[in-house]
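Notes follow in the order I took them.

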Amino acid sequence: MAGTVILGAQWGDEGKGKITDLMADRMDLVARFAGGNNAGHTVVCGDDEFKLHLMPCGILYPHITTVIGNGVVINPRVLLEEMDGLQSRGISCANLKISCNAHLVMPYHLAFDQIGEQSLGSAKLGTTHRGIGPAYADKADRMGMRVQDLLDEKIFKAKLEVSLERKNAVLTKAFGQDPFSVEEILTEYMAYAERLAPHIEDTSLLIHDALRDGRKVLFEGAQGTLLDLDHGTYPFVTSSSPTIGGVFTGTGVGPRDIEKIIGVAKAYVTRVGYGPFPTEQENEIGETMGARGVEFGTTTGRKRRCGWLDMVLLRYAVRVNSLTGIALTKLDVLSAFDRIKVCVGYSFQGKIFHELPPHQTIFHKCEPQYLELAGWNDDISEVTERDDLPEAARRYVEFVEQGAGVPVEMISVGPKRTQTIIKREEYRRPLEEGPYLYREDFEPPAGGVRD
Ligand code: IMP
């Protein structure tokens, strides 16, 4: 059982990229299991900043096999652009493996994403417009195009024809738009196929073999628990399963392959897009959080909504994901406040809820019940030991641990790798600045292999 999962415990953008990157250097294989290029991970390594959308963070380490699992929906144009961008910065993509069963985002998925949002008017979801929902809808409808279809032009064309017959009918008749051409898409995607073919594999088997051989595997989440299609704040969710179940369906491993499940949570909460958010602060507090935390989406550049930490939701994330620990990020952002509020329940029509209410209307209309904790005001961005945090900051972390019922295993106090408080014994390597990037003399850890 050498599998570790890192997933979002809130509405995405929790800082999973940094945490994944921190843990990745002692891994042999890193696999993404859900979402598509609606995701955005920012990884800061020394002076280098990487913005990854489809590519798992493991790609930054030459010894790691990087997997895009079957649960991911892949826009091949975006993936190839990302590969080109990384390669131009000296990072090899030779170790990238793409599941033959992953579904493709097609040009018409982007069109339908746009149409879907427009037709919802003021009830729109605020999607990332990357075609993610329509791609997953086609998958569930058994009309999807898969990565393996790229390997057989005849099959690809036949499937595309069937799909486009339906899509074009709706596009032209219901929405007065131009139809898509089979030939144009075929030519475009066959060019992608040529470049992607060497990377396409049965990645479920690959991960299984790695685990069997005692190699360390990290499952890298995208989005977050509250954006989960089943367990999130439906319909204001994404169309995949960023929760723990998504690891199994999205990569083809089983629960016994997993040892640790780390939920990444900000010390406050943010969300992009529409939907309920009880602790949202549409005031100076939220503005301060946004400014200090640089709360703009990596993918869309949209301003994120900000609010106090919600322990009801964090406990929910612990429960539905069976979390074994929490990585608490952006604690330094809270240094701005004299007093810090934490939501510990909701009130609705005289009733108190300590769990996520079973009806969305209650969640929409409830009043958060806050506890107020002392702030610390000190700059904590260079603190590297938990004991060196100001007392009020330590208390805040302990409060989160007690409320969540699982340990806070990592605390992030800034974007750099060095700005992290971790249980040292968990890590084999010292935390230097950007230490393992495309260096010629890089020595992989035991069990790792070089490109
Ligand atoms: P979609 O995934 O593009 O369909 O968007 C559905 C909802 O999920 C919208 O509210 C998006 O803002 C949100 N969403 C999707 N991906 C992310 C992410 O990586 N971080 C935060 N929110 C996301």
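Before the first helix pair, a reminder to myself: the axes are lines fitted to C-alpha atoms, over the stretch in contact for helices, and angles run from 0 to 180 degrees between N-to-C directions. Also, this is a predicted model, so I read every value as computed from it.

**Entry: α10 and α12**

I looked up helix α10 (residues 311-321) against helix α12 (residues 391-404) and got a packing angle of about 55 degrees, with the axes 9 Å apart. That makes α10 oblique to α12. I noted a right-handed crossing as α10 passes α12. Which residues make the contact? On the α10 side I listed Met311, Leu314, Arg315 and Val318, and on the α12 side Phe399, Val400, Gly403 and Ala404. Sorted by class, this α10 and α12 contact has 6 nonpolar, 1 polar and 1 charged residues.

**Entry: the sheet**

Next I traced the strands. I found 10 of them in an open sheet with mixed pairing, ordered β9-β7-β5-β2-β10-β1-β11-β15-β19-β20. Which strands stand at the edges? They are β9 (200-201) and β20 (420-422); each has a single partner strand, so one side of each is left without a neighbour in the sheet.

I then picked out one pairing. Strand β1 (residues 3-8) runs parallel to strand β11 (residues 258-266), and the two pair over 6 bridges. Within that pairing I saw Thr4 opposite Lys260 in β11.

Helix α1 (residues 16-24) packs on this sheet, and I wrote down its partners: β1, β2 (29-32), β10 (217-220), β11, β15 (325-329), β19 (408-412) and β20. The direction of α1 makes about 165 degrees with that of β1.

**Entry: α3 and α4**

For helix α3 (residues 107-120) and helix α4 (residues 132-140) I read an angle of about 115 degrees and an axis separation of 7 Å. The crossing of α3 and α4 is right-handed. From α3, the contact takes in Tyr108, His109, Phe112 and Asp113; from α4, Ile132, Pro134, Ala135 and Asp138.

The loop between α3 and α4 holds His129. I flagged this residue for its backbone: phi of His129 is near 60 degrees, a positive value in a residue other than glycine.

Helix α5 (residues 153-175) packs on α6 at about 140 degrees, and I noted axes 10 Å apart. That makes α5 oblique to α6. I logged a right-handed crossing where α5 passes α6. In the contact, α5 supplies Glu153, Phe156, Lys157, Leu160, Glu161 and Leu164, while α6 supplies Val182, Glu183, Ile185, Leu186, Tyr189 and Met190. The α5 and α6 contact residues divide into 8 nonpolar, no polar and 4 charged.

Tyr189 and Tyr192 form one that is edge-to-face, 5.1 Å centre to centre with 70 degrees between the planes. How are these two placed in helix α6 (residues 182-196), and what separates them? Tyr189 and Tyr192 are 3 residues apart in α6, so about one helical turn separates them.

**Entry: a cis bond**

Last, I checked the peptide bonds, keeping in mind that most of them are trans. Is the bond from Tyr234 to Pro235 cis or trans? I have it as cis, with omega near 5 degrees. Pro235 sits in the loop between β10 and α8 (244-251).

Note on methods:
Residues numbered from 1 in each chain as written. Predicted model: local features only at pLDDT ≥ 70, side-chain atom pairs only at ≥ 80, totals over all residues. Heavy atoms only, no water. Helix = DSSP H or I, 4+ residues; strand = E, 2+ residues; numbered from the N terminus. Parallel < 35°, antiparallel > 145°, perpendicular 65-115°, else oblique. Left-handed = near helix turned anticlockwise from the far one by under 90°. Contact = heavy atoms within 4.5 Å. Nonpolar A, V, L, I, M, F, W, Y, C, P; charged D, E, K, R; others polar. Pairing = 2+ DSSP bridges. Phe/Tyr/Trp six-rings, centres within 6.5 Å; stacked < 30°, edge-to-face > 60°.
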